[in-house]
Amino acid sequence: MEAMGLTATNSSFFPECWSDDRRMGVLLAEFRPRRLNAESYDMKIKFWKDLIVSYCIASGTSTVSILMLKEKFRRNGTVPYCLHTVFADMQTKGELSKERKFQVQRHVGTFGFNLWTATTLIQAPLSWGYEAVLGSVIGSANIDENENFIVTAVAELHAKTIENAIIEREMQNKLLKYEDLITLVQETSTIKPHGVETAVTLLENTGRLTKQTIISGETSTILIKFAGVNAVAQPITSIEKSIYDLEQSAKRLMKDINIIENSISQTMDEVREFIKNGRKQMAKTYLKKKHTLEKHMQGKINALENLQSLLLKIYNCQSDKNVIEAYKLGTSALKNAYEAAGITIDQLDETMDEMRHVLGQHNEILSMIGTVSESDVDELELEQELGDLIDIKLVESKIDKKDFPTIRPTSTIDNNINNVPDFDREIEKRLAALRVDVIDGYKSADHAQ
């Protein structure tokens, strides 16, 4: 396998036909004119495109050149002679981009339309078409074998992988050092640093991240801020840089405290060793050093606590800002909801007044309905008629009516009011006499049987 230019550990991307000498002899050779056999020509193009993409994914980079791939795809001492044609076809279809063109810096224009997009959508196809026409006239030898190209599909795949890693760790809209991003990507994927660089350029060109170089003295730091989901990356603000500087200062203090703690521990080991050897003066000297280190460490600790308290206040301020924005949003939404529903204070007062008026009318109607008499029959006449019927029943039952004096209500209102209760009592007595008589009659009938 070494004769093929790759070791067994990094050649897993090779297809099964790679071991077929006859098949590979055809694939490694230069292309014949497409008009002779269009199907075979297209299948050969696809084979090399797929192999280039597979190689890039396996190697963790999206950058290739003809010279590099000739060595990577060398088989039994034979290199592929058809890569010029493959590269020209990929360029024409936008599947390859020259690295120097790919590195165009992002400049946002009107409505967020950036220069890289314009170059990709307008200038690049024109140049690719020109190069394709030129290649058809003078051949594909115009492609420099040493020039680097970016495989678009692989760069997009790497960019998506990096963005997913950022989203999983909820690091959107947070400043991140470029070196820390490299470490993060290498821990979670097989993308190499050069692949990360290309993916970061693509993400920057498409507005998915913002990159800024901070120069401090002789050192420079590249800061990166990823955009949120379905958002466009915003420039790094001075507040964000200040927060980042404070966080870095806190990290440096923590590192210094750890170093001092180790020094104190080593100093105490020296003190114990001097005491063991009877070197009292040296032990005393190192004890003084220990106390000095402890005071120095306490100062670092105090500074760290102050920084952490300051950072906490800043974080709370940012959180309060989000709460206030949420309040504003909720208030605006509620206001819009009332406006959409057509609800106003005046309309509500008018509705409530109308409702009170209708309820008043309703109560008045109910009151009027309740005062209507359901019957116009005189109650005294009914009671008199009932008394007469009872008297008839008493006669039929052979009960002497003499025991029940007749009470007749007078026609005056006062007499009616005074005599109605007495009349009721007489009616009840007569009914009671009837019940007793009926019961006695039932008993006599039982004895007779």
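# Briefing: salt bridges, strands and buried residues

E204 and K211 form a salt bridge in which the closest N and O atoms lie 3.7 Å apart; the term denotes a side-chain nitrogen of Lys or Arg within 4 Å of a carboxyl oxygen of Asp or Glu. The model is predicted: local features need pLDDT of at least 70, side-chain atom pairs count only at pLDDT 80 or more, and totals for chains, interfaces and linings use all residues. Residues are numbered from 1 along each chain as its sequence is written, and side-chain values use heavy atoms, with hydrogens and water left out.

**Overall composition**

- The chain contains 14 helices and six strands; these are DSSP runs numbered from the N terminus, with helices being H or I of at least four residues and strands E of at least two.
- Of the 449 residues of the chain, 31% count as buried. Buried means under 20% relative accessible area, exposed means over 50%, and partly exposed lies in between (1.4 Å probe, protein chains only).
- Accessible areas come from the Shrake-Rupley method with a 1.4 Å probe, and for residues only the protein chains shown count as cover.
- Among contacts (heavy atoms within 4.5 Å) between residues at least 6 apart in sequence, 66% join residues at least 24 apart.

**Salt bridges**

- The structure holds 17 salt bridges.
- In the pair of E204 and K211, E204 counts as buried because its relative accessibility is 11%. K211 has a relative accessible area of 33% and is therefore partly exposed.
- K49, D89, K93 and E95 belong to one network, joined by salt bridges that share partners.
- R74 and E71 also meet through their side chains in a salt bridge, at 2.7 Å from N to O. R74 has 24% relative accessibility and so counts as partly exposed; E71, with a relative accessible area of 41%, is partly exposed as well.

**E163 and its surroundings**

- E163 is placed in helix α7 (residues 152-168). Its relative accessible area is 11%, so E163 is buried.
- A salt bridge of 2.6 Å, N to O, is formed by the side chains of E163 and R208. This pair links distant parts of the chain, 45 residues apart: E163 is in helix α7, while R208 is in the loop between α9 (193-205) and β5.
- Both members of this pair, E163 and R208, are buried.
- The two side chains are also joined by a polar contact of 2.6 Å. A polar contact is a pair of N or O atoms within 3.5 Å; within protein, one must be able to donate a hydrogen and the other to accept it, and residues adjacent in sequence count only if both atoms are side-chain atoms.
- With neighbours within four places in sequence left aside, E163 is in contact with L203, R208 and F226.

**Strand pairing**

- Strands β5 (residues 209-216) and β6 pair in the antiparallel sense over eight bridges; pairing requires that DSSP find at least two bridges between two strands. Within this pair, Q212 has L223 of β6 as its bridge partner.
- β5 and β6 form a hairpin with two residues between them, and G217 in the turn has a positive phi of about 70°.
- Strand β4 (residues 175-177) is joined to β6 (residues 219-226) by three bridges, and these strands run antiparallel. L176 has I224 as its bridge partner in β6.
- A separate topic is the open sheet of three strands, ordered β1-β3-β2 with antiparallel pairing. β1 (63-64) and β2 (96-98) stand at the edges, each with a single partner strand, so one side of each is left without a neighbour in the sheet.
- β2 and β3 (residues 149-151) run antiparallel and are joined by three bridges; L96 stands opposite V151 in β3.

**Surface patch and helix residues**

- L348, M352, M355 and L359 make up a nonpolar surface patch with about 340 Å² of accessible area together. Patches are made of residues with over 30% relative accessible area and no salt bridge; like charges are joined within 9 Å, and nonpolar side chains (Val, Leu, Ile, Met, Phe, Trp, Tyr) within 5 Å.
- M352 lies in helix α12 (residues 345-370) and counts as partly exposed because its relative accessibility is 32%.
- D391 belongs to helix α13 (residues 379-396) and, at 9% relative accessibility, therefore counts as buried.
- D391 and I427 are 36 residues apart in sequence, and their C-alpha atoms are 9.4 Å apart in space.
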